[in-house]
Amino acid sequence: MTKLFGWTGVVLHIDLTTGQATREHPDPSVYRAFLGGKGLAGHYLRPHATRETDDPALPLLIFAGPLNATIAPTSGRATIMSRSPLTGGICDDSVGGRLGTQLKRAGYDGLVITGRSDVPCGIEISDGDVRISGTDLWGRTSDRVFDRLESAIPKGASLACIGPASENGSPLGSILVDRRHAAGRGGLGMVMAAKNLKHFTIKGTGKVRVHDKNGLKEAREEILRLTAASPVLLGRHGFSCWGTGSIFDLMDSRRMMPTDNFRRTRFENAASLNAAAYKKRFSPRRHGCTGCHIMCKKIADDGRTMPEFETMSHFTALVGNTDMELVMEANELCNGLGLDTISAGSTLACLREITGRDFTPETLLDGIREMARGGDLGQGALHLAETMGRPDAAMTVKGMELPAYDPRGAYGMSLAYAVSTRGGCHLRAYPISHEILRKPVATDRFSFSGKARIIKISEDMNAAVDSLTACKFTFFAASLEEYAKAFTAVTGVDMTGFELLEIGERIYYNERIMNAANGFDAADDDLPQRFFTEPGTSGGGVDIRPLDRETFLEARRSYYFIRGLDEDGLPTEAKTRELELD
Amino acid sequence: MKSLCEKYAAKLAAQRLADPGEPLIGGLDAELAWNREDPRTAELAKVFDLLSINSLVFSRPAEPYAAIIDFLASRHPETIRPQDTETRTFLHDIPVCREFTGEAVAAHLKKRKSVIIPGQGIASFGTVTPEQGFVFYSSTIFSCFVLFFSEYLARARAGTLDDEYREVFASVSAGLSDPCTEPPALAAGPLETEDQALAAMAEAGRAVVGYGLVDSFFGNISCRLNDVVHISQTGSSLDELEGCIDPCPMDGSATTGLTASSELSAHEDVYRRSDYRCILHGHPKFSVIMSMDCARIDCPNRGQCHIKCTECRTMDGVPIVPGEVGTGPTGLCNTLPPAMARTGAALVHGHGVFTAGATDFNEAFIRLLDIENRSRQRYFETVKAHE
Ligand code: SF4
């Protein structure tokens with residue numbers, strides 16, 4: 001086989017039942033069709049998409065992209081993908097840290113883990129060497145795993161693990177990577193637990209072959225110039241200085257901060273719980289994913305990982321807490337137990353609404369601990385609300401808890417939540433970019449006009465971004481035009497931004513096909529009733545009304561039409577063929 | 001969608017970037033809608049089939065811009081590479097397309113944000129709203145204007161002008177509208193309340209656009225009130241600032257500046273170093289051209305003047321500093337504030353002019369206008385001296 005540029009040309013399959021590791025060389029056409037990361041992982045998931053999440057044959061997929069381990073900015077991310085135990089649909093998480101870079105350096109574009117080990121185990125990959133061995137760390141919190149293994153693994157290696165929540169069967173279980181990065185959403189940790197896999201380590205020493213180094217340097221400079229010109233990324237108030245929490249003040253001023261389980265959209269104490277307040281109290285330092293110059297992650301002066309925006313918001317406004325230290329503790333606890341902070345916060349808010357009982361610091365932290373024990377609370381908001389006879393109190397889409405952007409304050413966001421293949425997720429189309437952050441240009445946040453197509457195009461774009469794999473935040477400034485240049489320089493494959501967008505469309509449609517196979521249809525592309533019947537908290541010149549059901553449905557119809565789905569949101573034969581997905 | 005298409009068609013005409021009735025703007029949600037009927041929409045509609053976009057802006061520019069882009073396209077048959085900041089940061093370069101077919105236009109737009117079709121016009125697109133196409137269209141005109149006049153001056157200096165360039169230059173120059181010399185009477189300071197400050201900013205923003213000192217985008221404006229800097233939002237239109245101004249406390253107690261102009265850091269630092277209360281930033285064309293004109297042909301930093309220039313250059317005494325948009329090690333946030341604090345005005349290489357005022361926007365506006373008019377005068381004097 002001719003050697004590839006950018007890609008390594010090798011996908012490693014590990015069967016935990018047999019202990020076998022095999023190397024596959026995918027046809028170059030597969031790379032062209034699916035790029036890498038999310039795209040390639042989706043390609044490998046498709047034949048198994050309907051398997052139960054505890055079926056040993058269901059693969060857990062870990063994929064890097066063609067740009068990983070090159071100087072393309074923010075290209076150090078990776079995709080972890082499988083079927084979600086929380087939603088029953090597909091689920092891919094883009095995760096930072098060193099994972100993608102080490103995987104590529106070890107010589108692999110991806111890792112397909114199947115089977116089930118007899119005993120709890122760990123995988124250690126060091127270039128061509130793959131070892132599976134028993135572990136005595138089952139039941140331990142993630143921080144204990146990192147404490148124990150970090151000093152024992154080669155310097156610079158990437159280490160991922162699950163916490164007790166996944167082991168105890170919570171579909172809110174996350175996978176922690178390099179201590180401070182989480183593949184949080186959708187319960188992929190539980191898929192790992194079902195394989196009896198507690199942790200894996202990857203270390204590579206190889207280099208990625210780049211086709212045109214000068215071209216890549218030029219593309220890199222263009223991207224860096226654009227990010228330097230971006231207030232959100234590198235501006236004085238941007239992510240680089242303050243972390244993603246810098247968006248907190250905007251959500252407050254735009255009156256779209258989900259409060260009291262989305263019953264209100266303004267939290268009176270917000271001004272004292274913003275990123276500036278955390279900065280003052282915890283003097284955080286910068287940290288980031290490998291290869292990133294934005295460095296949006298933050299570490300407190302006492303070494304704790306600072307909460308992301310969604311955690312800051314959900315563990316205050318959503319659950320009625322005003323104690324910053326408690327947010328820090330909740331964040332640490334969730335990460336240690338291996339729980340997705342967004343889903344955890346939202347499930348607790350749901351419990352608070354149903355019981356009418358406010359949390360004290362003790363009951364809040366106890367609630368988190370209880371979740372990790374895998375009982376009703378640990379099954380997520382939808383299960384909890386249904387069990388308690390109040391399904392209306394679950395603020396979920398497709399069973400996944402909504403993050404910290406109230407959909408009544410940004411109509412594109414409401415449509416994006418509803419049609420997202422992953423469920424209640426803000427990252428598929430990420431309309432916050434234009435509805436709130438004014439990038440690439442501002443759109444009217446209280447209008448559905450034009451939003452159906454915008455959502456479709458952005459989903460395609462982000463699918464391409466997650467497949468390259470780059471960081472979505474960069475796209476507040478750069479576009480696929482600049483990344484296409486980087487891609488071409490790295491791989492030698494001529495590609496324009498629009499061609500990447502076309503590949504993004506294929507990747508996203510593939511997800512709709514997999515979800516349809518699991519019974520998802522238009523009924524699942526919907527929002528909780530509350531958003532259509534109850535207003536948010538108006539004031540300050542902003543009127544937060546309930547969403548108009550008819551206009552929402554009209555926008556969803558347009559989306560289906562534009563996406564090439566039928567009226568029930570299901571894939572059509574014609575479009576499937578057109579995208580060569582048949 | 002149709003009303004948005006109509007809005008930006010009207011804006012192109014109002015800003016004299018296209019003659020009224022010329023622009024064709026298409027917007028696609030579930031259905032494709034155009035701002036007006038025209039036989040060419042059938043061809044342009046094909047671009048929507050070939051690219052994943054939601055809007056297309058196409059127009060022949062008004063004169064003298066049409067003559068400029070056609071001339072540049074004849075000199076640079078495949079790609080035009082202006083050197084100003086707008087191109088360097090956002091457009092990269094501007095391809096030239098020889099055929100007016102949907103396929104050819106789409107093939108070029110696949111790679112770049114706008115395309116010049118000689119004899120026909122400029123096409124650009126949006127994936128979110130027609131506003132993006134409008135911005136790219138207007139940036140293309142701005143960049144081509146700057147390149148046309150800069151190249152002429154550079155050739156005049158080098159003694160390499162030819163008759164054709166001379167001829168087109170003469171006719172384009174004759175077609176320029178007369179400079180405005182009378183400044184407007186803006187709200188008089190001191191601006192003491194938030195309402196006064198916001199109203200004064202909106203008024204000054206409209207005047208900067210009305211006087212042609214910026215093409216509505218990419219400029220910015222701010223006003224310090226106690227320890228809060230009120231600044232126009234990123235990508236806002238200076239002639240439509242109502243509701244698009246962010247209050248940013250200078251003590252770092254809030255991050256509301258997340259949507260503020262990318263020059264917030266530079267503005268804040270000017271305020272920290274001086275007693276000024278108002279700052280205007282525009283992209284007046286001749287100021288940009290003159291900021292890039294340099295007699296040191298053999299300078300080792302040629303080609304990187306925008307970040308590496310170490311000379312103390314001025315335009316009629318107004319300092320010219322290097323610096324890129326926003327932050328970063330070569331950002332103008334490092335170079336602009338000291339220069340501005342000293343003199344109350346500065347040009348950034350290839351980018352535009354910043355001016356400050358102590359009490360209100362009158363002083364800043366008069367300086368901005370004066371710098372542009374003096375730049376224009378110096379430009380033609382310099383050309384003449386070398387021709
Ligand atoms: S911006 Fe943040 S999340 Fe994105 S790559 Fe950089 S550090 Fe990682």
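Domain bounds are those of an automatic or database domain assignment, and for chain B this assignment gives domain 1 (2-174) and domain 2 (194-386). The structure is a predicted model, in which local features need pLDDT of at least 70 and side-chain atom pairs count only at pLDDT 80 or more, while totals for chains, interfaces and linings use all residues. Residues are numbered from 1 along each chain as its sequence is written, chains are lettered from A and ligands numbered from 1 in the order in which they are written, and side-chain values use heavy atoms, with hydrogens and water left out.

The C-alpha centres of domain 1 of chain B and domain 2 of chain B are 26 Å apart, and their contact (heavy atoms within 4.5 Å) takes 28 residues from domain 1 of chain B and 31 residues from domain 2 of chain B.

In chain A, the residues around the ligand (those with a heavy atom within 4 Å of it) are A:Arg77, A:Gly288, A:Cys289, A:Cys292, A:Ile294, A:Met295, A:Cys296, A:Lys297, A:Cys471 and A:Phe473. This shell comprises seven nonpolar, one polar and two charged residues, where Ala, Val, Leu, Ile, Met, Phe, Trp, Tyr, Cys and Pro count as nonpolar, Asp, Glu, Lys and Arg as charged, and the others, Gly among them, as polar.

A:Ser433 lies in helix H18 (residues 432-435) of chain A, helices being DSSP runs (H or I) of at least four residues, numbered from the N terminus. With a relative accessible area of 10%, A:Ser433 is buried, a term that means under 20% relative accessible area with a 1.4 Å probe and protein chains only. Residues up to four places away in sequence not being counted, A:Ser433 touches A:Arg438, A:Lys439, A:Pro440 and A:Phe476.

Notes: Helix = DSSP H or I, 4+ residues; strand = E, 2+ residues; numbered from the N terminus. Buried < 20%, exposed > 50% of the residue type's maximum accessible area, 1.4 Å probe, protein only.
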